[in-house]
Amino acid sequence: MQAYLPVQTQRVNDRRYTVAHRKESLEFLIHFLGDITQPLHDEAELLGGNQIPVFWGGNKTNLHATWDTQMVEKDAGGYGQAVITSFANKLIGAIDTGAYASQKSSWITCANVQTAGTCALSWAQDANQFNCAYVLKMDETNQELDGSYYTGAKPYIELQIAKGGYRLGTWINNLAAAA
């Protein structure tokens, strides 16, 4: 992702590209900025956890999918537009005036669209620390993760999604200012 972020960032405002190509670059940026903040997206260990079999609610899956989907949906209270909106509003409140208010400025110390590669590396390193501190700390292979593992992961899930959203908003604002 470190290589893709600068390229897509540059293309968004480059009028040599068609509107369709610039829109596609923006869509990639939204995806990349979400992914780079999440654990396992910058981890090579068994393809970012895709090859670590685990169980969620008694169903076989893999560690990456559990972090990407099952744990997020459980934390949010399900899925669907109303659930996602409610979850997003909860995180916005935490960012604006709650638990994350004092941290949010540190999340965007690297937000200059001209240094996209540096920012991508910084954000990947930030997310990777959670791989070491929690995500891959024990051997999760063939373990049921819908229980104490999820309970321990919940603060990381919310923190990283909040960071990703805040960084994304800042990045898009900075892109618009540079246009």
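Cys 132 counts as exposed, at 56% relative accessibility. Exposed means over 50% relative accessible area, buried under 20%, and partly exposed in between, with a 1.4 Å probe and protein chains only. By that scale Cys 110 is buried at 13%, and Cys 119 is buried at 0%.

This is a predicted model, in which local features need pLDDT of at least 70, side-chain atom pairs count only at pLDDT 80 or more, and totals for chains, interfaces and linings use all residues. Residues are numbered from 1 along each chain as its sequence is written, and side-chain values use heavy atoms, with hydrogens and water left out.

**Disulfide**

- The structure holds 1 disulfide (a pair of cysteine sulfur atoms within 2.5 Å).
- Cys 110 and Cys 119 form the link, with their sulfur atoms 2.1 Å apart.
- The Cys 110 and Cys 119 link is left-handed, with -90° about the S-S bond.

**Fold and dimensions**

- The protein has 7 helices and 2 strands. Helices (H or I, at least four residues) and strands (E, at least two) are DSSP runs, numbered from the N terminus.
- Along the sequence the pattern reads α-α-β-β-α-α-α-α-α.
- The radius of gyration is 17 Å, close to the 16 Å that the globule rule gives for 179 residues, so the protein is as compact as a globular protein of that length. The radius is taken over C-alpha atoms, and the rule is 2.2 Å times the number of residues to the power 0.38.
- Taken along the principal axes, the C-alpha atoms fill a box of roughly 50 × 35 × 30 Å.

**Packing and surface**

- Of the 179 residues, 39% count as buried.
- Take contacts (heavy atoms within 4.5 Å) between residues at least 6 apart in sequence: 67% of them join residues at least 24 apart.
- The protein exposes about 9,400 Å², and carbon and sulfur atoms supply 55% of that area. Accessible areas come from the Shrake-Rupley method with a 1.4 Å probe; for residues, only the protein chains shown count as cover.

**Charge**

- The protein has 13 positive and 17 negative charges, and their mean positions are 8 Å apart.
- Lys and Arg count as positive, Asp and Glu as negative; His and the chain ends are not counted. Each charge is placed at NZ of Lys, CZ of Arg, CG of Asp or CD of Glu.

**Ala 176**

- Ala 176 lies in helix H7, which spans residues 148-178.
- Ala 176 is exposed, with a relative accessible area of 55%.
- Asn 13 is 163 residues from Ala 176 along the chain, yet their C-alpha atoms are separated by 8.2 Å.
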